[in-house]
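Trainee: I would like to learn how to read interfaces, pockets, cavities and strand pairing in a model of this kind. Could we go through them one at a time?

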Amino acid sequence: MSAPYAPAVLALADDALIYAQRLGEWISRAPQIEEDMALGNIGLDLLGRARSLYTWLGTVDGTDRSEDDYAYWRDEREFRHVHLVEQPRGDFADEMIRLLLVASLDVERYAALAAATSPVDETLAGIAGKALNESRYHRDHARLWVVRLGDGTEESHARMTAALERVAPYVSELFTDTVADQEAVLAGVGVYPSSLRESVLGYVGAVLTEATLDPLPEPSWHARDGRIGVHSEACGYLLAEMQHLARSHPGATW
Amino acid sequence: MVRATRVLAAELRHTVESVTDPEIPTLTIGDMGIVRGLSVDEEGAEAVVTITPTYSGCPALEVMARDIVDAAAGVGYSARVVVSHNPPWTTDWLTERGREALQELHIAPPGPRPGDPAGHGGPVPVTIGRAPHTQSAVACPRCGSDDTELISRFGTTACKALHRCRACGDPFDEFKAV
């Protein structure tokens with residue numbers, strides 16, 4: 001058995017896993033201990049959703065792989081996440097813009113996935129429904145920080161403005177349609193990322209306005225091709241750290 | 001092989017639902033609303049228990065699955081635990097007794113869900129960080145005062161948010177609403 005929408009779901013799962021890994025790095029490094037816990041908690045939600053999606057994938061893509069097989073035993077070129085989520089942890093301002101973008105996209109795409117899959121695949125619809133609820137909470141958290149920092153001191157406003165410049169080149173990739181998306185749409189259970197662009201950037205733009213920040217700047221270059229496994233330098237280091245234990249001790253369990 | 005005396009399926013359900021959350025020992029999984037189904041095979045020795053996760057990343061789920069198998073074995077059943085994702089769990093599934101159990105541990109039961117289309121809540125405007133904190137929508141589980149503030153939307157575990165009571169001064173957890 002193989003679902004034609006499995007490759008599109010793999011992209012969702014990889015976005016969640018890789019961003020969970022980056023968010024976990026904030027623990028002990030955030031501006032306050034409550035924020036260590038907040039980013040750790042959001043990462044945990046994303047990790048949990050990645051695990052559910054990988055388990056689902058193993059049953060439908062004909063490979064019978066486990067969640068660990070997907071996370072630990074694929075190489076860089078087999079990962080389908082966007083460049084934005086693999087970028088190294090930068091300034092806290094950068095992270096709040098990144099979280100606002102990812103959570104806003106997640107709210108829209110998991111809502112669409114839950115609606116599209118509910119008549120045909122109740123497991124996937126359930127995972128998407130839960131992800132939707134959690135992402136709403138994440139998005140709200142990011143919104144509060146962006147408003148507080150943007151409409152804060154001169155220093156925090158300047159750092160948010162600089163963060164927008166750095167994050168902007170990674171935005172257009174979020175809304176690039178792929179062959180996997182097309183297969184899913186043709187199967188009647190997918191959604192084109194390009195169709196979510198307006199609502200996602202509309203939400204993000206409204207938050208930036210509330211935060212007295214300028215809109216997302218037009219970048220001079222665009223990240224691309226993460227969805228076909230072409231990643232930036234940061235990805236290899238991230239995977240090395242994430243996969244090293246499992247690969248050094250194959251089959252080890254807690 | 002010595003087998004524990006097998007009980008009726010209805011009692012098995014009671015036994016399974018009495019398993020508690022490893023992180024909140026007064027709260028049973030029955031009251032949490034995560035037991036979705038229970039079936040026993042024709043010979044009445046094998047049970048399949050269907051549960052649903054509360055929060056996607058909750059590490060307690062695996063412990064609860066093990067505890068269910070142990071509890072069922074104690075009353076003579078060999079149980080298998082199946083995880084179901086649909087429909088997704090929300091805090092609305094907590095029973096009244098579950099809310100009381102949280103209260104006993106001085107954890108505030110969940111307030112209104114954010115963006116709940118049913119309308120008993122909607123977005124609650126809050127600020128973040130060290131600025132004057134915003135009035136919470138939950139009552140203090142120790143003294144009952146409504147004069148409470150939200151300190152952090154993320155608390156000690158995936159399922160909790162952190163508040164403080166302005167009346168008695170105590171900080172407390174809220175089982176956060178999703």
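Predicted model: local features only at pLDDT ≥ 70, side-chain atom pairs only at ≥ 80, totals over all residues.

Trainee: How many residues of chain B are in contact with chain A, and what is the area buried between the two chains?

Mentor: The size of an interface is often given as the accessible area lost when the parts come together. Here the area buried between chain B and chain A is about 2,600 Å², with carbon and sulfur atoms giving 58% of that figure. Counted by residues, 30 of chain B are in contact with 27 of chain A.

Trainee: How many salt bridges are found across that interface?

Mentor: The rule finds 2 salt bridges between chain B and chain A. A salt bridge is read from the distance between a side-chain nitrogen of Lys or Arg and a carboxyl oxygen of Asp or Glu, with a cut-off of 4 Å. The side chains of B:Arg153 and A:Asp140 meet in such a bridge, with a distance of 3.8 Å from N to O.

Trainee: Let us turn to the pockets: what is the volume of the largest pocket, and which residues are the closest to its centre?

Mentor: A pocket is open, whereas a cavity is a space from which the probe cannot get out. The largest pocket has a volume of about 1,100 Å³, and of the 26 residues that line it, A:Glu67, A:Asp68, A:Tyr72, A:Ala246 and A:Trp254 are the closest to its centre. Helix 1, helix 2 (33-60), helix 3 (67-72) and helix 10 (233-248) of chain A each give two or more residues to this lining, and the largest share, 6 residues, comes from helix 2 of chain A. By residue class, the lining of the largest pocket divides into 15 nonpolar, 7 polar and 4 charged.

Trainee: Which elements give two or more residues to the lining of the second largest pocket?

Mentor: The second largest pocket holds about 580 Å³ of space, and among the 22 residues of its lining the closest to the centre are A:Arg51, A:Ser52, A:Glu67, B:Leu61 and B:Glu62. The elements you ask about are helix 2 and helix 6 (122-150) of chain A, together with helix 3 (60-74) of chain B. Helix 2 of chain A gives the most, with 8 residues, and the lining as a whole consists of 11 nonpolar, 8 polar and 3 charged residues.

Trainee: And how many cavities does a search of the whole structure find?

Mentor: The search finds 6 cavities of 30 Å³ or more. The second largest cavity has a volume of about 250 Å³, and A:Ala8, A:Leu12, A:Arg109, A:Asp181 and A:Val191 are the closest to its centre of the 18 residues that line it. Helix 1 (6-24), helix 5 (92-117) and helix 8 (179-186) of chain A each give two or more residues to the lining, with helix 1 of chain A giving the most, 4 residues. The lining of this cavity divides into 13 nonpolar, 2 polar and 3 charged residues.

Trainee: For the strands, what is the order of the open sheet of 4 strands in chain B, and which are the edge strands?

Mentor: In chain B the order is 6-9-8-7, with mixed pairing, and the edge strands are strand 6 (107-108) and strand 7 (148-152), each of which pairs on one side only. Strand 7 of chain B runs antiparallel to strand 8 (residues 160-165), to which 4 bridges join it; B:Glu149 has B:Arg164 as its bridge partner, and B:Thr148 has B:Cys165. Strand 8 of chain B also pairs in the antiparallel sense with strand 9 (residues 171-175) over 5 bridges, and these two strands form a hairpin with 5 residues between them, where B:Gly169 in the turn has a positive phi of about 85°.

Trainee: Where are A:Ser28 and B:Pro87 placed, and what are their backbone details?

Mentor: A:Ser28 has a positive phi of about 85° although it is not a glycine, and its place is in the loop between helix 1 and helix 2 of chain A. B:Pro87 is joined to B:Asn86 by a cis peptide bond, with omega about -5°, and B:Pro87 lies in the loop between strand 5 (78-83) and helix 4 (96-104) of chain B.

Notes
Residues numbered from 1 in each chain as written. Chains lettered and ligands numbered in written order. Heavy atoms only, no water. 1 Å grid on protein atoms, 1.4 Å probe; cavity = no way out; pocket = protein on both sides within 12 Å on 5 of 7 lines; lining within 4 Å. Points joined across faces, edges and corners; volume = space filled by probe spheres on them. Nonpolar A, V, L, I, M, F, W, Y, C, P; charged D, E, K, R; others polar. Contact = heavy atoms within 4.5 Å. Buried area = accessible area lost by both parts, 1.4 Å probe. Pairing = 2+ DSSP bridges.
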